[in-house]
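Here is a short report on one structure. It looks at salt bridges first, then at a helix and its surroundings.

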Amino acid sequence: MSFQAYLDTIEDKTGLTPRQFIDLAEEKGYDADSVKAGVILDWLKTDYGLGRGHGMALVHVIKKGPQIDAKHVGSGGTHNDDSDVLWLDGKASRPA
């Protein structure tokens with residue numbers, strides 16, 4: 001599953017875009033360098049029923065932003081993405 005597909009599935013499951021999760025995480029202070037991934041994963045599991053894989057996709061965008069490693073772009077591998085920048089503002093508004 002591509003990184004973007006993880007984020008799209010999270011939106012389908014929760015009704016929240018990745019950008020909305022980033023905002024919620026910032027309100028809780030989870031974007032701070034000192035906050036470990038486990039804290040964010042626990043929050044996402046408890047409040048939204050998200051598992052580790054989907055949670056780690058959100059941890060990435062919360063802590064590092066939308067940029068992903070270019071090695072995944074056009075790789076044809078399991079985590080193949082079309083771009084090295086993830087769309088965070090919802091599937092319906094993603095440019096074609």
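## Asp8 and its partner

Asp8 counts as buried, at 14% relative accessibility. Buried means under 20% relative accessible area, exposed over 50%, and partly exposed in between (1.4 Å probe, protein chains only). The side chain of Asp8 meets that of Arg94 in a salt bridge (2.9 Å, N to O). The pair links distant parts of the chain, 86 residues apart: Asp8 lies in helix H1, Arg94 in the segment after H4. Arg94 is partly exposed at 32%.

A salt bridge here is a side-chain nitrogen of Lys or Arg within 4 Å of a carboxyl oxygen of Asp or Glu. Helices are DSSP runs (H or I, at least four residues), numbered from the N terminus.

## Basis of the model

This is a predicted model: local features need pLDDT of at least 70, side-chain atom pairs count only at pLDDT 80 or more, and totals for chains, interfaces and linings use all residues. Residues are numbered from 1 along each chain as its sequence is written, and side-chain values use heavy atoms, leaving out hydrogens and water.

## Other salt bridges

The whole structure holds three salt bridges. Lys91 pairs with Asp12, with the closest N and O atoms 2.6 Å apart. Asp12 is exposed, at 54%. Arg19 meets Asp89 at 2.7 Å, N to O. Arg19 sits in helix H2, and Asp89 in the segment after H4, 70 residues apart.

## Helix H2

Pro18, Phe21, Ile22 and Ala25 of H2 are buried. Just after H2, Gly29 takes a positive phi of about 80°.

Key
Helix = DSSP H or I, 4+ residues; strand = E, 2+ residues; numbered from the N terminus.
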